[in-house]
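Here are a few friendly notes to read alongside the model. Please keep the structure open as you go through them.

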Amino acid sequence: MKKSPAKKRPAKTGRSDFFILRLYIAGQTPNSVTAIANLKKICEDKLKGKYRIQVVDLLEKPQLAKGDQIIAIPTLVRRLPPPVKKIIGNLSKTESVIVGLDIQPAR
Amino acid sequence: MPRSKPTPKVAHPSLAKAPTGIQGLDEVTGGGLPRGRVSLVCGNAGCGKSLLAMEFLVRGALRYGEPGVCVNFEETEEKLTANVASLGFDLRALTRQKKLLIDYVFIERNQIAEAGEYNLDGLFIRLAHAVKAIKAKRVVLDSVQALFAGVADPGILRSELQRLFRWLEDQKLTAIVTGEAGVHALTRHNLEEYIADCVIALDHRVTEQISTRRLRIVKYRGTSHGTDEYPFLIDEEGISVVPITSLALTHKALVERVSTGIPALDVMMEGKGFFRGSSVLVTGTSGTGKSSVAASFVSAACARGEACLYFTFEESPGQILRNMRSVGLNLERWVKKGLLHFNAMRPTSTGLEGHLAAIHKLIAKLQPSIVVIDPITNLISASGNYDVKSMLVRLVDFLKVAQITSMFTNLTFAGDPQERTAAAVSSLMDTWIVLRDSKPNGRPRRELYVLKSRGMAHSREVHELMVSERGLELGAVLRDHTLAATVDGPHVVSAAE
């Protein structure tokens, strides 16, 4: 499973339909694995390539929990486009994810 | 004296305690909080639970070498640091020295959207990371009730809380969790159901404009604890709990005597004066010389090198020093030498419990052998409906156990001889000296006599009390006084004065 390192990448300016999503997990627990899979699927369906997923494993980097005030695992944070939005859970409720992230289908 | 034991003693982990370092609290809990367990401190808003938890961490770090982590759900690190600075806790320094770590966990009030199963591993990871960073032995979660607002699913919350407390115990961390008082239960979300070992409830109420703070041990498994409410106060040194409640009459009766400070009065008391550790009551109407009697007592004690603590509720120390100078008592030199300490307070500045707590704290700090409370009159009246006697019983009991000789002055009112005093305090007192004004044949004079003094053959005669620049002296026995001492106490025989 591909994991991008959790470092902030400069945003592609001006493109309000490009999503940068950060998923916080804590090891390869069932919920975390499910969340990653669900997230990929939703992004493929709805965002059609106009997205980047960052996966942050807090077991490896616990100090990163503080920045986004992460308590629940998994937590998905929409970093771009603003405003920041948060959803918790393994993302099996697809509708909730779409509404919570405010994903407009990419044109 | 070592005895050879046949088998090694087995330690009982459930009884091990972590000392809090909070004055009075370790006495009340028999050693502190249960080590390696989670304790709950709950109470209404402003009761002091966050301060208690923070002091537990600070004292743990400074006094017992146990670093602590504070997971704070309510205040940021900056706000918390500013708030406890007034207690003398320098959180920034402690953080720098890695004795303390504060982690502010912000929980959104509006619940975050949930899209499937989750748990609170994020919180666990943060806590574990913090504990590991400073090798903490103590943890505070203040207040974990914030989780109830932020986490929508009660099932997940319940199981995660249980998992959290189990984790803390597995890590052998001694933890305090704070919770807000509930209406029908001890805490708003029945937190007490998760806590097996120790629950402490704090109460802060304002009645008739006087604020009172009390602490109660609701539950402490494995320890026989007093179920009373203990008064406590919060001041610039932190929290102090007044640990006195037991009314077991176990104090020793000392045989050593101390001078009254008035030689002729010593003569009336078998030539020796009061018993050390006894309680003395001095009553009289206004201006009869009660404070002068107290000052003479204290002056003689200081001359012997004994530390004295003088609580004054009516006059300022400056006034007392000036007034006593006029009767030949130089108290200032004892103040300068550090043998005499004055503590002045208005009776209505706090409730009776507050006074008790302050008195107790000062006595613990200064360790005097003599304590004067001048007068107790207004304390009695400031207490309102409260049971005055029980508070005074506690105070006198505490003083006797500490073997402190105490003197209390009380104002009585002409025409209302001694009944009011009798009702409140006289039975607590070993010695009762009565002062009185009278005007036989038109010449005003002061009178003094010893109404009672347990354990000694004291003179029952009435003497004239002379107050001059030479100090207090007793004149000859008076035969023409109008007092008839009866078993119930003195009262005026007739109105023929």
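This is a predicted model: local features need pLDDT of at least 70, side-chain atom pairs count only at pLDDT 80 or more; totals for chains, interfaces and linings use all residues.

1. For chain A the mean pLDDT is 83, with 82% of the residues at 70 or more. Among the elements of that chain, strand E1 (residues 19–25) of chain A has the highest mean pLDDT, 93, and helix H2 (residues 94–101) of chain A has the lowest, 88.

2. Chain B is assigned two domains: domain 1 spans 14–241 and domain 2 spans 257–492. Their C-alpha centres are 44 Å apart. Where they touch, domain 1 of chain B contributes 10 residues and domain 2 of chain B contributes 10 residues.

3. Which strands of chain B each supply at least two residues of the side of domain 1 that touches domain 2? They are strand E10 (210–220) and strand E11 (229–235). E10(B) gives the most, 4 residues. By residue class, this side of domain 1 of chain B holds 4 nonpolar, 4 polar and 2 charged residues.

4. With strand E9 (residues 198–207) of chain B, E10(B) runs antiparallel, joined by 10 bridges; here B:Arg205 sits opposite B:Thr212. The hairpin of E9(B) and E10(B) has 2 residues between its strands, and B:Glu208 adopts a positive phi near 50° in that hairpin.

5. E10(B) also pairs with E11(B), again antiparallel, over 3 bridges. In this pairing, B:Leu215 has B:Tyr230 of E11(B) as its bridge partner.

Technical notes: Residues are numbered from 1 along each chain as its sequence is written. Chains are lettered from A and ligands numbered from 1 in the order in which they are written. Domain bounds come from an automatic or database domain assignment. Two residues are in contact if their C-beta atoms, placed from the backbone, lie within 7 Å. Ala, Val, Leu, Ile, Met, Phe, Trp, Tyr, Cys and Pro count as nonpolar, Asp, Glu, Lys and Arg as charged, and the others, Gly among them, as polar. pLDDT is the predictor's confidence in each residue, from 0 to 100. Two strands pair if DSSP finds at least two bridges between them.
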